[in-house]
Amino acid sequence: MSYPESAPVRRPAVVLLATAVLLVMAVAALAYTVVDLAVLGRTVVAFRSAARDTSASAQQIDDVVTLLRASAALSAVVAALSAPVLAGLALGLLAGRSGVRVATWVVCGLGLLAGCCSVAVVIGERAAPLRLGDGERATAELLGLIGDAYPSWWIPLNAGLSVGQCLGYLVVATLLTLPAANAWFRRHRPTTPAVPTVPPRFPPAPHQPLPAPPAPPYPPR
């Protein structure tokens with residue numbers, strides 16, 4: 001006699017949507033890494049060409065170029081490392097792991113904070129440019145050339161990615177708090193196996209002496 005197999009539990013739409021957002025963000029991080037490294041060489045060449053017309057020395061120009069390369073390399077490394085992390089979280093959410101959902105909330109909080117800081121830095125640079133003293137006039141001139149050395153679309157792209165990063169993390173964190181997501185992860189929560197109960201043991205009966213053997217019959221008279 002065969003029994004019908006139970007139908008597999010379907011993943012709720014909110015979990016699928018959160019997973020899709022994480023995967024899109026992972027792909028965007030990889031694309032940003034490639035573009036960042038590709039733009040760096042052209043930016044350094046444009047910066048050196050513009051810096052020749054300033055009062056800065058060759059050492060000062062090299063120092064700013066080193067800072068420019070270090071900043072771009074750091075951004076590329078962070079983006080490259082975030083891509084596998086986001087992809088791993090997406091796979092863990094599809095498997096219904098409650099611990100991965102908690103880790104996703106933590107990553108979303110950190111990513112949201114980093115995105116807000118990036119947006120604030122971009123707005124601050126545009127609203128209040130860095131002003132140095134008269135003794136650092138050459139450094140101020142060099143720092144003012146960095147924005148112009150990048151392609152015209154680079155800074156708006158960074159600002160848009162920062163805003164998109166904030167929105168993406170916010171959407172993922174919100175979707176994972178909805179009731180459908182709670183039911184999905186509660187269903188897949190590991191349960192503690194029941195410990196089999198041992199039947200009580202009765203104490204051994206007290207020792208009783210063996211009955212005396214029956215007396216032999218009397219011999220007939």
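Let me begin with a definition: the rings of Phe, Tyr and Trp, taking the six-membered ring of Trp, form a pair if their centres lie within 6.5 Å. With that in mind, and remembering that what we have here is a predicted model, you can find a cluster in which ring pairs link Y32, Y150, W153 and W154.

The structure holds 3 aromatic pairs. In one of them, the rings of Y150 and W154 have centres 6.0 Å apart and planes at 15 degrees, and because planes under 30 degrees apart count as stacked, that is what we call this pair. W153 and W154 also pair, but edge-to-face, with 5.9 Å from centre to centre and 75 degrees between the planes.

Let me turn now to helix 1, which covers residues 13-51. At 1.5 Å a residue, its 39 residues should span 57 Å, and the C-alpha atoms at its ends are 54 Å apart, which agrees. Helix 1 does bend, by about 30 degrees, at L40.

In soluble globular proteins, nonpolar side chains tend to be buried together. Here the largest nonpolar core has 43 residues, and L22, F47, I61, L142, V172 and F185 are the ones that touch the most other members. Helix 1 provides the largest share of this core, 14 residues. As for F47, leaving aside residues up to four places away in sequence, its contacts are I61, V64, V65, L142, L145, I146 and A149.

Note on methods
Residues are numbered from 1 along each chain as its sequence is written. This is a predicted model: local features need pLDDT of at least 70, side-chain atom pairs count only at pLDDT 80 or more; totals for chains, interfaces and linings use all residues. Side-chain values use heavy atoms; hydrogens and water are left out. Helices (H or I, at least four residues) and strands (E, at least two) are DSSP runs, numbered from the N terminus. The expected span of a helix is 1.5 Å times one less than its number of residues. The bend at a residue is the angle between axes fitted to the seven residues ending there and the seven starting there. A nonpolar core is a set of buried Ala, Val, Leu, Ile, Met, Phe, Trp, Tyr and Cys residues joined through side-chain atoms within 4.5 Å. Buried means under 20% relative accessible area, exposed over 50%, partly exposed in between (1.4 Å probe, protein chains only). Contact means heavy atoms within 4.5 Å. Rings of Phe, Tyr and Trp (its six-membered ring) pair if their centres lie within 6.5 Å; planes under 30 degrees apart count as stacked, over 60 as edge-to-face and the rest as tilted.
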